[in-house]
Amino acid sequence: MDESEVFSVVGEEGFTRLVAAFYQQVPNDDLLGAMYPKHDLAGAEQRLRDYLIYRFGGPPRYIEERGHPKLRARHFPFPITQASRDRWMHCMDIALKEAALPAEAEKFVREFLEGMSTFMINRVEQGAQL
């Protein structure tokens, strides 16, 4: 299996379970909750789900509706620090366990999310050393 085959193994249902499990945690999270506008949680959930589906070989709904992902540019207004990245991944780890994706597919998804979440860091925390 390579990463372009993940969608054929996981399906839309698997990505829906994963993203729903993640977004169930967001509103009550003291760090992440403030970064997600409450009025747009459903929209954020749909965008992440559609992006992951596209990224891993599924239908290109995300690209058709939003164009090029431009992930760093789209996330720049949000202060993404190492701490918020780590919390995001912590919540995503919980979601990955809950979604129970096939192990080989989960490996690709986890590696992608780990790398992408690190790439999204756009602020240095007060007192952090470079």
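1. Once its neighbours within four places in sequence are set aside, Phe112 is in contact with Tyr51, Leu52, Arg55 and Phe56, where contact means heavy atoms within 4.5 Å. Phe112 belongs to helix H6, and at 11% relative accessibility it counts as buried; buried here stands for under 20% relative accessible area, exposed for over 50%, and partly exposed for what lies in between, with a 1.4 Å probe and protein chains only. From Phe112 to Arg55 the C-alpha to C-alpha distance is 9.6 Å, although the two are 57 residues apart in sequence.

2. On the basis of the model: this is a predicted model, in which local features need pLDDT of at least 70 and side-chain atom pairs count only at pLDDT 80 or more, while totals for chains, interfaces and linings use all residues. Residues are numbered from 1 along each chain as its sequence is written, and side-chain values use heavy atoms, with hydrogens and water left out.

3. The chain has 6 helices and 0 strands, and from the N terminus on its elements run α-α-α-α-α-α; helices (H or I, at least four residues) and strands (E, at least two) are DSSP runs, numbered from the N terminus. Of the 130 residues in the chain, 42% are buried. Among the contacts with a separation of 6 or more, 72% are between residues 24 or more positions apart. The accessible surface of the chain comes to about 7,300 Å², and 55% of it belongs to carbon and sulfur atoms; these areas come from the Shrake-Rupley method with a 1.4 Å probe, and for residues only the protein chains shown count as cover.

4. Which residues of H6 are buried? They are Ala105, Glu106, Phe108, Val109, Phe112, Leu113 and Ser117. These residues cover an arc of only 160° around the axis, which puts them on the same side of H6; the arc is that of the directions from the helix axis to the C-beta atoms. An α-helix has 3.6 residues a turn, so residues three or four places apart point the same way. The buried residues of H6 pack against helix H1 (6-25), helix H2 (41-55) and H5.

5. The lengths of two helices can be checked against an expected span, which is 1.5 Å times one less than the number of residues. For H6, with 17 residues, the span should be 24 Å, and the end C-alpha atoms are 24 Å apart, which agrees. For H2, with 15 residues, the span should be 21 Å, and the end C-alpha atoms are likewise 21 Å apart. The buried residues of H2 are Leu41, Gly43, Ala44, Leu48, Arg49, Asp50, Tyr51, Leu52 and Ile53, and just after this helix Gly57 takes a positive phi of about 100°.

6. Aromatic rings deserve a separate look. Rings of Phe, Tyr and Trp (its six-membered ring) pair if their centres lie within 6.5 Å, and planes under 30 degrees apart count as stacked, over 60 as edge-to-face and the rest as tilted. By this rule the count comes to 9 aromatic pairs. One of them joins Phe22 and Tyr23 edge-to-face, at 5.0 Å centre to centre and with 90° between the planes. Tyr23 also forms an edge-to-face pair with Tyr36, at 5.5 Å centre to centre and 90° between the planes. Tyr23 lies in helix H1 and Tyr36 in the loop between H1 and H2, so this pair ties together parts that are 13 residues apart in sequence. Phe22 is buried, with a relative accessible area of 0%, and both Tyr23 and Tyr36 are buried.

7. Ring pairs also link Phe7, Phe15, Tyr51, Tyr54, Phe56, Tyr62 and Phe112 into a cluster. Arg55 lies over the face of Phe56, at 5.3 Å from the ring centre, and Lys107 lies over the face of Phe108, at 4.5 Å from the ring centre; a charge sits over a ring if NZ of Lys or CZ of Arg is within 6 Å of the ring centre and within 35 degrees of the ring normal.

8. Two further residues complete the note. Arg66 lies in helix H3 (residues 61-66) and is partly exposed, with a relative accessible area of 34%. Ala100, in the loop between helix H5 (82-99) and helix H6 (103-119), has a positive phi of about 50° although it is not a glycine, and Ala100 is exposed, with a relative accessible area of 52%.
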